[in-house]
Amino acid sequence: MGSHAGGTETAEERTRVCDLPEACVAHVIALTSPRDACRCAAVSPCFRDAAGSDVVWARFLPPDYLQLHQAPARRFPLSRSASTASAGAAASTKKETYLGLTDAAVLVDGGGMAVWLAKESGAKCVAISARRLSLPWDDGEFSWTWTPHPLSRFADVAQLVDCTCFDIYGRLPTAALTPATAYTAYLVFTTEDTHRGLSFPDQETTVSVGGSAPSRHAVCLRPDPTDARRFRDSKGTGDVHVRGPVLRGDGWWEVEMGRLRTRDEAVVGEEVAVSFEILGWYPKRGLIVEGIEFRPI
């Protein structure tokens, strides 16, 4: 940048960002995030062109995006504003491909898993269907029934008929998640009006990565103050923090199972292991499990 002896510079001597080649600006924006790229597009016309280029959005797509994008007939819209038709429409740019994968979940693994991208970060979100989970069958083959559900992304969900021993286990290769990313695991469920045995705070979740010591959390799928007081009086557990459920926009409930962080590089054979267990041996029924979700924090 040139300057006069007096220290002042003329307008002709100033180098503006928009004087740089578009490819240079695009390269810099590609080092940020999808959210930042969208913000940059509002700065000026030169930023808008660079921020919308394939160079930028190819950086935000996962390596296996083509495998996900080429399954338009098996997409499930993630919001009411996204239709199956629009989500599965052919994309002419990498940005359109990216947005398509944030608007709709893609079913993979024979329909046993759903994958989509977090809109602001581009990190993978993964849902494991109930069919891919280990469910308790100790009380006989009629403990669970498999049934379609109008709100589910999967062909069917698991409905608890009756059991006493209750634990659910799930595993997911860490390679299925985005490296160097913090995740939260959620149990996705709903219940029948006649549910039983789901209101006591003796429920526990665990999350571990690669055989590490699991983190444990107390949860309750259907909290009931009366049952909680009676349980604590009999067990003497004191003021233990118990995580409760949250109603989602899609009609399902979810409870946080725990958090984890993936390595900078995936390790072959490494898995995330999660579990949900009700510790008391008493009758339980009326739980409907859709699956377990892993979403970036």
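**Salt bridges around Arg295**

Guide: A search of the whole structure, which is a predicted model, finds 18 salt bridges. Let us start with the one between Arg295 and Glu254, where the closest N and O atoms are 3.0 Å apart. Arg295 belongs to strand E14 (residues 285-296) and Glu254 to strand E12 (residues 253-261), so this pair ties together parts that lie 41 residues apart in sequence. The two partners can also be described by their accessibility. Arg295 has a relative accessible area of 22%, so Arg295 counts as partly exposed, given that buried means under 20%. Glu254, with a relative accessible area of 9%, is buried.

Arg295 has another partner to show you. Arg295 also forms a salt bridge with Glu293, and here the closest N and O atoms are 2.7 Å apart. Glu293 is buried, with a relative accessible area of 2%.

To finish, here is another pair to look for in the model. The side chains of Arg263 and Glu270 meet in a salt bridge, at 2.7 Å from N to O. Glu270 counts as buried at 10% relative accessibility, while Arg263, at 47%, counts as partly exposed.

How values were computed
Residues numbered from 1 in each chain as written. Predicted model: local features only at pLDDT ≥ 70, side-chain atom pairs only at ≥ 80, totals over all residues. Heavy atoms only, no water. Salt bridge = Lys/Arg side-chain N within 4 Å of Asp/Glu carboxyl O. Helix = DSSP H or I, 4+ residues; strand = E, 2+ residues; numbered from the N terminus. Buried < 20%, exposed > 50% of the residue type's maximum accessible area, 1.4 Å probe, protein only.
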